[in-house]
Amino acid sequence: MFWTRLASGIVLVILTIGTLYVGGWLTCLVMCLLSLVGCFELLRVYKLEKRAMGIACYLMTILYYTALFFEKEQFLMPIMVLYMLVILAIYVLCFSKYKDKDTMAAFLAFYYVSVCLSYVFRLRDIKDGGYMVILIFVCSWGNDTLAYCAGRLFGKHKMSPVLSPKKSVEGLIGGILGTAALGALFGILFNNFVHPLPNAPLWFALVGAVGAVPAVIGDLAASAIKRNNDVKDYGKLIPGHGGVLDRFDSMIFTAPIIFYAVTFILGTAAK
C-alpha cells in the first residue's frame, strides 16, 4: 500500500508539474477533466451521477471552462444562474423522481468542485501565473505535510475528534506557521529569480498563512460529507489516494483564496 501510494504520488506530481508548465489549453483541459471526475464522485454519493441533474452538471462544467478559456468572464455568472434554473426545472418537471436535497446536491457539485477548481487555471493564466500557481500547492499539500509533522511531534489536543481523530490543534498551528514560512521562502525566491516585488516575503508569508486555513476546512468538509453518507473514499482513480476529491479536497477551497490574495497583492504592488 505504501509503495503504491508513493508511486502514484510521484506520477501525480510529475503530471501536475507538466500540466502547469505548459499552461494554456492543457491546464484548462486538465482542470475541466478533473472537475468532471470530481463532480461525478460527489454526485455518486447522492446517487445523481447518471441522472438528468448529473448530466446538467457535466454540461455546465464544460460550458463554464469553455467561457474561461475564451476569456468570456462576463458569462460566468449567467452560466451559474442558468444552471440553477435548469436543475430547478428538472426538479419541477420530474417532481416524483427528485427531492429538494437533490437540487442542492447538484448545485453543490458544480459550485464546490467545478467553479472552485477552475481557479487553478485562472491563477495560472495571469501574469507570472506559472510561479503564482505554486502557492496553491504550497498551501494545500505543503500545509498537509507540515501539519502532519507538527501533529506527530507536538499534538496533544484533538481538533476534530469525530471527523479526523488524528488532527490536532498543535498540528493546525504548525501547519499554518510552516506554510507561512514556505510562503516567505517563495517570496524571497520570487524576488531573486523572477522580478522584484515590494515586501514579497511578507506578502507571501501572509498568503501562506491565510491559504492554510481553507485547506484544513476543505479537508474536513470532504471528510464530513463522506461520514454523513457512509462513504470511505470518493473514488479509485488515484491508486493509494482514492478519487479526485480525496486527493484535491484541500485544494478546492484553497485555489479561490490564493487567486484573490495574489491578484490583490499584485494590484497593490503595482500602485
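On helix H4, the face pointing away from the buried side carries the exposed residues Met77, Leu85, Val92 and Leu93, where exposed means over 50% relative accessible area, buried under 20% and partly exposed in between, with a 1.4 Å probe and protein chains only. The model is a predicted one, in which local features need pLDDT of at least 70 and side-chain atom pairs count only at pLDDT 80 or more, while totals for chains, interfaces and linings use all residues. Residues are numbered from 1 along each chain as its sequence is written, and side-chain values use heavy atoms, leaving out hydrogens and water.

Turning H4 around, its buried residues are Leu76, Ile79, Met80, Tyr83, Ile87, Ile90 and Tyr91. They sit on the same side of H4, because they cover an arc of only 115 degrees around the axis; the arc is taken from the directions that run from the helix axis to the C-beta atoms. The cover over these buried residues includes H3 and helix H5 (100–124). As for its length, H4 has 18 residues and reaches 26 Å from first to last C-alpha, close to the 26 Å expected at 1.5 Å a residue. The expected span here is 1.5 Å times one less than the number of residues. Helices are DSSP runs of H or I with at least four residues, strands are runs of E with at least two, and both are numbered from the N terminus.

How does H4 (residues 76–93) pair up with H3 (residues 52–69)? Their axes come within 10 Å and cross at roughly 170 degrees, so H3 and H4 are roughly antiparallel to each other. From the H3 side, the contact is made by Ala52, Met53, Ala56, Cys57, Met60, Leu63, Tyr64, Ala67 and Leu68. H4 puts in Leu76, Ile79, Met80, Leu82, Tyr83, Val86, Ile87, Ile90 and Tyr91. Axes are lines fitted to C-alpha atoms, for helices over the stretch in contact, with angles from 0 to 180 degrees between N-to-C directions. Angles over 145 degrees count as roughly antiparallel, under 35 as roughly parallel, 65 to 115 as roughly perpendicular and the rest as oblique. Contact means heavy atoms within 4.5 Å.

H5 is mostly covered, with 19 of its 25 residues buried. Its end C-alpha atoms are 37 Å apart, which agrees with the 36 Å that 25 residues should span at 1.5 Å a residue.

Lysine 47, in the loop between helix H2 (24–45) and H3, has phi near 60 degrees, a positive value in a residue other than glycine. Lysine 47 is exposed, at 63% relative accessible area. Asparagine 199, in the loop between helix H8 (169–193) and H9, likewise has a positive phi, near 55 degrees, without being glycine. Asparagine 199 is exposed too, at 53%.

Aspartate 233 lies in the loop between helix H9 (200–228) and helix H10 (244–270) and is partly exposed, with a relative accessible area of 39%. Not counting residues up to four places away in sequence, aspartate 233 touches Lys226 and Asp246. Leucine 189 is 44 residues from aspartate 233 in sequence and 37 Å from it in space, C-alpha to C-alpha.

Threonine 19, by contrast, belongs to helix H1 (residues 2–22) and is buried, at 12%. Its contacts, with residues up to four places away in sequence not counted, are Leu26, Thr27 and Val30.
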